[in-house]
Amino acid sequence: MTDTDLEVAPNEARRATRHQGPPLILITNDDGVRARGIEALARAAVEAQLGDVYVVAPDRDNSGISHALTLHEPLRVLDVRPGWMAVTGTPTDCVYLAAV
């Protein structure tokens, strides 16, 4: 591999995975999908036209376990409304599921 190859390879990788269109914005929290704060943040992001906003948050308050993963129970996803999903897991589970 030459120096020129090293300079081009990262750009090619970025181009292959680059999303076309408005930015995708994921909003999650550890307070649950029905928390007032997540509603206010999502509304502000939509009103500011920052991109396509998706909310994927736990179905209940999960304060204090933000980085935990659910390993021994199935995760269930409930569509709350367009672009909003409640997950029967932790905030980290929500981010992983949203990325899939």
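**Around helix H2**

Author: Start with Glu39, which counts as partly exposed at 26% relative accessibility. Buried here means under 20% relative accessible area, exposed means over 50%, and partly exposed lies in between (1.4 Å probe, protein chains only). This is a predicted model: local features need pLDDT of at least 70, side-chain atom pairs count only at pLDDT 80 or more, and totals for chains, interfaces and linings use all residues. Residues are numbered from 1 along each chain as its sequence is written, and side-chain values use heavy atoms, with hydrogens and water left out.

Now the partner. The side chain of Glu39 forms a salt bridge with that of Arg81, at 2.7 Å from N to O. Glu39 sits in helix H2 (residues 36–47) and Arg81 in strand E3 (residues 77–81), so the pair ties together parts that are 42 residues apart in sequence. The rule for a salt bridge is a side-chain nitrogen of Lys or Arg within 4 Å of a carboxyl oxygen of Asp or Glu. Helices (H or I, at least four residues) and strands (E, at least two) are DSSP runs, numbered from the N terminus. Arg81 is partly exposed too, at 38% relative accessibility.

The salt-bridge count comes to two. The other joins the side chains of Arg60 and Asp59, at 3.3 Å from N to O. Arg60 is exposed at 52%. Asp59 is partly exposed at 24%.

Next, the setting of H2. E1, H2 and E2 make a right-handed β-α-β unit. Right-handed means that, with the strands pointing away from the viewer, the path from the first strand over the helix to the second runs clockwise. E1 and E2 run parallel, joined by four bridges. Strands pair if DSSP finds at least two bridges between them. Within this pairing, Ile25 stands opposite Val53 in E2.

Look at both ends of the helix. Ala35 lies in the loop between strand E1 (24–27) and H2. Ala35 is buried, at 18% relative accessibility. Its C-alpha atom is 9.6 Å from that of Ala57, 22 residues apart along the chain. Gln49 lies in the loop between H2 and strand E2 (52–58). Gln49 is exposed at 71%. The phi of Gln49 is near 55°, a positive value in a residue other than glycine. Most residues other than glycine have a negative phi.

Then the nonpolar side. The largest nonpolar core has 11 residues, among them Ala35, Ile38, Ala42, Ala45, Val53 and Trp84. H2, E2 and strand E4 (84–87) are the elements that give two or more residues to this core. A nonpolar core is a set of buried Ala, Val, Leu, Ile, Met, Phe, Trp, Tyr and Cys residues joined through side-chain atoms within 4.5 Å. Val33 is another member of the core. Leaving out residues up to four places away in sequence, Val33 touches Ile38, Val55, Ala57, Pro58, Val80, Trp84, Met85 and Ala86. Contact means heavy atoms within 4.5 Å.

The protein has three helices and four strands. Along the sequence they follow the pattern α-β-α-β-β-β-α. Buried residues make up 24% of the 100 residues. Of the contacts with a separation of 6 or more, 67% come from residues 24 or more positions apart.
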